[in-house]
Amino acid sequence: MIRNGHHATSEPREEADCTKPGSSACSPEKRKRVVRLWCDGCYDMVHYGHSNQLRQAKAMGDYLIVGVHTDAEISKHKGPPVFTQEERYKMVRAIKWVDEIVEGAPYVTTLETLDKYNCDFCVHGDDITLTVDGKDTYEEVKRAGRYRECKRTQGVSTTDLVGRMLLMTKAHHSNIDNPDYQQHTDNFGKGPKGHSPWTGVSQFLQTSQKIIQFASGKEPQPGDTIIYVAGAFDLFHIGHVDFLEMVYKQAERPYVIVGLHFDQEVNRYKGKNYPIMNIHERTLSVLACRYVSEVVIGAPYAVGKDLLDHFKVDLVCHGKTEVLPDKDGVDPYAEPKKRGVFRAIDSGNNLTTDDIVQRIIENRSGTRRFSGSSFSVFINLYLHPLFTNRSFLVNRLQFEARNQKKEAKEMAVIEAMKKREQKQQGEAPAQTAH
């Protein structure tokens with residue numbers, strides 16, 4: 001059970017006028033009291049690594065503004081995003097450390113942008129970010145001494161998640177009877193080789209300190225309406241955010257508790273090699289959401305009497321997704337329905353993790369990040385007049401190598417997936433014939 005507190009709005013600030021871009025009411029003395037920070041990025045397929053970066057940034061000051069790039073800008077510099085700009089704007093707004101977002105932020109961070117929003121400095125992770133021309137997007141603010149770095153979250157990246165999703169198949173790989181399950185359900189990172197049999201990737205090494213950093217520990221107060229929801233919340237996405245926002249609006253003073261099912265339970269009712277994220281990763285993803293007050297790690301599938309009484313639940317909500325029966329065939333929401341505290345919520349967003357997987361496949365199989373052969377890239381790099389600068393050339397080569405490696409990995413997975421499906425389709429008629 002992880003308490004997360006209320007995060008619908010930021011704490012009141014004494015210098016409220018200083019939060020307005022371009023405000024003339026802020027004297028130098030007042031400006032010193034509130035340190036305004038700037039972060040920017042694509043924030044495509046937002047994961048707990050992004051949230052952790054924003055958490056670290058917020059800890060460096062008082063008021064965090066996050067700039068999010070448009071679809072056009074991302075397509076120009078990196079390739080088409082998986083999520084639309086409107087979806088990405090909403091995802092970033094839902095992260096509890098964010099005080100304000102700027103839609104359509106420029107891809108290159110300049111002093112003009114920092115000054116426009118009265119930001120003291122910008123914060124970025126300790127990885128390089130380049131434009132399509134191979135230039136450091138933070139070069140100008142670095143030279144001016146208005147740049148800070150935070151540590152990158154180990155064990156997760158957008159590329160890593162894409163790889164996990166592309167490994168999905170139509171076959172149901174059930175691991176319910178796997179004897180190794182017990183060593184994973186309660187494993188908070190016992191060694192560098194920890195491995196989850198359900199995600200099929202190296203396990204993120206969870207620590208109690210990381211959970212404490214993400215959780216605020218606030219308890220429900222008299223007058224709060226305690227609302228309980230449960231599920232996998234796998235690959236925490238905009239569909240989850242829309243649902244939790246709607247749940248949050250069900251009461252004047254909501255205290256939303258999210259019950260997360262263990263990997264084994266998720267695999268039982270979702271099949272394939274779900275969940276894509278293990279229980280520890282999903283915990284941090286949900287804790288980062290401003291609409292969530294508390295998280296129960298390893299919640300039971302059936303919402304029973306003991307759970308409702310223990311948390312003094314006033315309302316139980318579930319979305320429009322299908323509710324599968326428990327192992328014994330009983331409706332998992334039978335008890336809250338009996339008490340009259342169950343409510344079906346329609347968020348208006350039907351996006352599922354399967355839909356995201358399909359978007360990934362369409363992007364990777366139908367669109368190349370970079371066009372042209374290796375030879376044409378070589379010609380452009382060495383003969384184009386813009387590449388006379390040595391540092392520019394090194395940056396560009398690093399940029400090309402990094403993205404080509406990512407692309408090769410993703411395309412190899414797609415080809416393997418296609419061959420596996422073709423093989424399965426070919427075996428099906430043979431089995432029917434026998």
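Mentor: Let's start with a term: a residue is buried when its relative accessible area is under 20%, exposed when over 50%, and partly exposed in between, using a 1.4 Å probe on protein chains only. This is a predicted model, where local features need pLDDT of at least 70, side-chain atom pairs count only at pLDDT 80 or more, and totals for chains, interfaces and linings use all residues. Residues are numbered from 1 along each chain as its sequence is written, and side-chain values use heavy atoms, with hydrogens and water left out.

Trainee: What makes helix α2 largely enclosed by the rest of the structure?

Mentor: Eleven of the eleven residues in α2 (residues 48-58) are buried, so the helix is largely enclosed. The buried residues include Y48, H50, L54 and K58. Helices here are DSSP runs of H or I with at least four residues, strands are E runs of at least two, and both are numbered from the N terminus.

Trainee: And why is helix α7 described as largely enclosed?

Mentor: Because seven of the nine residues of α7 (residues 158-166) are buried. Among them are T159, V162, R164 and L166. For the protein chain of 434 residues, 52% count as buried.

Trainee: Why is α4 called oblique to α10?

Mentor: Helix α4 (residues 85-93) and helix α10 (residues 238-248) pack at about 55°, with axes 10 Å apart. Axes are lines fitted to C-alpha atoms, for helices over the stretch in contact, and angles run from 0 to 180 degrees between N-to-C directions. Under 35 degrees is roughly parallel, over 145 roughly antiparallel, 65 to 115 roughly perpendicular, and the rest oblique. The angle of about 55° therefore makes α4 oblique to α10.

Trainee: Which residues make that contact?

Mentor: With contact meaning heavy atoms within 4.5 Å, E87, K90 and M91 of α4 meet I238, V241, D242 and E245 of α10.

Trainee: Is C119 buried or exposed?

Mentor: C119 counts as buried, because its relative accessibility is 3%.

Trainee: What makes C317 buried?

Mentor: C317 has a relative accessible area of 0%, so this cysteine is buried too.
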